[in-house]
Amino acid sequence: MSCGPQELKVNTFYLIFAKHQSGGAFQIVDYYNMANVKNTDIERITTKYDCDCIINIDDSLYGYVPGAPKFKPSKEACIAPANYCPRSGFCRKNSDGACTWGNHGECY
(Lines give C-alpha, C1' and ligand atoms only; values in the text may rest on other atoms or scores of the structure.)
Protein backbone atom coordinates (compact mmCIF):
# COMPACT_ATOMS: atom_id res chain seq x y z
CA MET A 1 0.00 0.00 0.00
CA SER A 2 1.05 3.61 -0.42
CA CYS A 3 1.60 6.17 2.32
CA GLY A 4 -0.92 8.69 0.98
CA PRO A 5 -4.69 8.77 0.91
CA GLN A 6 -4.57 6.78 -2.33
CA GLU A 7 -4.70 3.04 -1.86
CA LEU A 8 -2.19 1.78 -4.41
CA LYS A 9 -1.17 -1.87 -4.28
CA VAL A 10 2.34 -3.18 -4.79
CA ASN A 11 3.01 -4.97 -8.11
CA THR A 12 -0.08 -3.40 -9.73
CA PHE A 13 0.04 -1.15 -12.79
CA TYR A 14 -1.77 2.19 -12.68
CA LEU A 15 -2.48 5.09 -14.98
CA ILE A 16 -1.73 8.06 -12.72
CA PHE A 17 -2.82 11.67 -13.21
CA ALA A 18 -0.75 14.10 -11.15
CA LYS A 19 -0.27 17.84 -10.87
CA HIS A 20 2.87 19.74 -10.10
CA GLN A 21 2.71 21.60 -6.81
CA SER A 22 4.76 24.53 -5.62
CA GLY A 23 8.00 23.32 -4.10
CA GLY A 24 8.53 20.75 -6.85
CA ALA A 25 6.38 17.92 -5.48
CA PHE A 26 3.70 16.08 -7.42
CA GLN A 27 0.23 15.35 -6.09
CA ILE A 28 -1.81 12.43 -7.39
CA VAL A 29 -5.09 13.81 -8.68
CA ASP A 30 -6.59 10.56 -9.90
CA TYR A 31 -5.53 7.06 -10.85
CA TYR A 32 -6.93 4.01 -12.58
CA ASN A 33 -5.94 0.39 -12.33
CA MET A 34 -4.63 -0.50 -15.79
CA ALA A 35 -7.05 -3.42 -15.86
CA ASN A 36 -9.80 -0.77 -16.17
CA VAL A 37 -8.07 1.38 -18.81
CA LYS A 38 -9.35 1.01 -22.37
CA ASN A 39 -7.43 1.54 -25.60
CA THR A 40 -9.47 4.69 -26.27
CA ASP A 41 -8.20 6.10 -22.94
CA ILE A 42 -4.60 5.57 -23.99
CA GLU A 43 -5.25 6.97 -27.48
CA ARG A 44 -6.98 10.06 -26.03
CA ILE A 45 -4.20 10.71 -23.53
CA THR A 46 -1.34 10.17 -25.97
CA THR A 47 -2.75 11.75 -29.16
CA LYS A 48 -5.59 14.14 -28.35
CA TYR A 49 -4.23 16.46 -25.65
CA ASP A 50 -2.27 19.58 -26.59
CA CYS A 51 0.29 20.48 -23.92
CA ASP A 52 0.08 24.12 -25.01
CA CYS A 53 -3.58 24.28 -23.95
CA ILE A 54 -4.80 24.89 -20.41
CA ILE A 55 -7.87 23.05 -19.15
CA ASN A 56 -10.01 25.11 -16.80
CA ILE A 57 -12.69 23.42 -14.75
CA ASP A 58 -15.10 26.05 -13.48
CA ASP A 59 -15.96 24.79 -9.98
CA SER A 60 -18.76 27.33 -9.72
CA LEU A 61 -20.67 25.27 -12.32
CA TYR A 62 -20.80 22.41 -9.82
CA GLY A 63 -21.58 24.39 -6.70
CA TYR A 64 -18.32 23.32 -5.01
CA VAL A 65 -16.89 26.78 -4.50
CA PRO A 66 -19.36 29.55 -3.71
CA GLY A 67 -18.36 32.74 -5.48
CA ALA A 68 -15.59 31.06 -7.49
CA PRO A 69 -14.49 33.17 -10.45
CA LYS A 70 -15.90 32.07 -13.78
CA PHE A 71 -13.34 31.52 -16.50
CA LYS A 72 -13.57 33.48 -19.71
CA PRO A 73 -12.99 31.74 -23.02
CA SER A 74 -9.54 32.29 -24.47
CA LYS A 75 -7.46 31.00 -27.36
CA GLU A 76 -4.98 29.40 -24.92
CA ALA A 77 -7.45 27.48 -22.75
CA CYS A 78 -10.48 25.22 -22.78
CA ILE A 79 -13.26 25.45 -20.27
CA ALA A 80 -14.54 21.97 -19.49
CA PRO A 81 -18.32 21.95 -19.97
CA ALA A 82 -20.52 21.34 -16.93
CA ASN A 83 -21.37 17.85 -18.21
CA TYR A 84 -17.80 16.92 -19.17
CA CYS A 85 -16.67 13.34 -18.89
CA PRO A 86 -13.15 12.95 -17.49
CA ARG A 87 -12.81 9.59 -19.25
CA SER A 88 -13.45 10.99 -22.75
CA GLY A 89 -12.78 14.75 -22.66
CA PHE A 90 -9.66 16.47 -23.97
CA CYS A 91 -8.42 19.92 -24.99
CA ARG A 92 -6.36 20.69 -28.09
CA LYS A 93 -5.83 23.38 -30.69
CA ASN A 94 -8.08 23.48 -33.73
CA SER A 95 -7.05 24.51 -37.25
CA ASP A 96 -7.36 28.18 -36.23
CA GLY A 97 -4.92 27.65 -33.35
CA ALA A 98 -7.55 28.04 -30.62
CA CYS A 99 -7.79 25.51 -27.79
CA THR A 100 -11.11 23.68 -28.03
CA TRP A 101 -12.82 20.96 -26.02
CA GLY A 102 -13.45 17.55 -27.54
CA ASN A 103 -14.49 14.03 -26.62
CA HIS A 104 -12.98 10.72 -27.66
CA GLY A 105 -14.43 7.37 -26.78
CA GLU A 106 -17.28 6.49 -24.48
CA CYS A 107 -18.04 8.20 -21.21
CA TYR A 108 -17.85 5.48 -18.56
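## A salt-bridge network and a pocket

Asp41, Arg44 and Arg87 are linked in a network of salt bridges. A salt bridge here is a side-chain nitrogen of Lys or Arg within 4 Å of a carboxyl oxygen of Asp or Glu. The model you are looking at is predicted, so local features need pLDDT of at least 70 and side-chain atom pairs count only at pLDDT 80 or more, while totals for chains, interfaces and linings use all residues. Residues are numbered from 1 along each chain as its sequence is written, and side-chain values use heavy atoms, with hydrogens and water left out.

### The overall layout

Let's start with the fold elements. The protein has one helix and six strands, and from the N terminus on they run β-β-α-β-β-β-β. Helices (H or I, at least four residues) and strands (E, at least two) are DSSP runs, numbered from the N terminus. Of the 108 residues in the protein, 23% are buried. Buried means under 20% relative accessible area, exposed means over 50%, and partly exposed is in between (1.4 Å probe, protein chains only).

### Back to the salt bridges

How many salt bridges does a search of the whole structure find? The search finds two. Side chains of opposite charge can pair when their charged atoms come close. In one of the bridges, aspartate 41 pairs with arginine 44, and the closest N and O atoms are 3.5 Å apart. Both residues lie in helix α1, three residues apart, which is about one turn of the helix. Aspartate 41 counts as buried because its relative accessible area is 1%, and arginine 44, at 2% relative accessibility, is buried too.

The side chain of aspartate 41 also meets that of arginine 87 in a salt bridge, at 2.7 Å from N to O. This pair links distant parts of the chain: aspartate 41 is in helix α1, whereas arginine 87 is in the loop between β4 (77–79) and β5 (89–93), 46 residues apart. With a relative accessible area of 9%, arginine 87 is buried.

### The largest pocket

Now for an open space in the model. The largest pocket has a volume of about 740 Å³. On a 1 Å grid over the protein atoms alone, a pocket is an open set of points where a 1.4 Å probe fits, with protein on both sides within 12 Å along at least five of seven lines; lining residues have an atom within 4 Å of a point. Grid points are joined across faces, edges and corners, and the volume is the space filled by probe spheres set on the points.

Which residues lie nearest the centre of the largest pocket? They are Phe17, Val29, Tyr49, Ile55 and Ile57, out of 22 lining residues. β1 (14–20), β2 and α1 each supply at least two residues of this lining, and the largest share, five residues, comes from β1. By class, the lining has 16 nonpolar, one polar and five charged residues. Ala, Val, Leu, Ile, Met, Phe, Trp, Tyr, Cys and Pro count as nonpolar, Asp, Glu, Lys and Arg as charged, and the others, Gly among them, as polar.

Phe13, Met34 and Ile42 make a nonpolar surface patch of about 300 Å². Patches are made of residues with over 30% relative accessible area and no salt bridge: like charges are joined within 9 Å, and nonpolar side chains (Val, Leu, Ile, Met, Phe, Trp, Tyr) within 5 Å. Accessible areas come from the Shrake-Rupley method with a 1.4 Å probe, and for residues only the protein chains shown count as cover. Methionine 34 sits in the loop between β2 (26–33) and α1 (39–48). Its relative accessibility is 32%, so methionine 34 is partly exposed.

### A few residues to look up

Asparagine 11 lies in the segment before β1. Most residues other than glycine have a negative phi. Asparagine 11 has a positive phi of about 60° although it is not a glycine, and with a relative accessible area of 78% it is exposed.

Proline 73 is in the loop between β3 (54–56) and β4 and is exposed, at 76% relative accessibility. Lysine 75 is in the loop between β3 and β4 and is partly exposed, with 45% relative accessible area. Glutamine 27, in strand β2, is partly exposed at 33%.

The table gives C-alpha separations for these residues.

| Pair | Apart along the chain | C-alpha to C-alpha |
|---|---|---|
| Proline 73 and asparagine 56 | 17 residues | 9.6 Å |
| Glutamine 27 and phenylalanine 17 | ten residues | 8.6 Å |
| Lysine 75 and lysine 93 | 18 residues | 8.5 Å |
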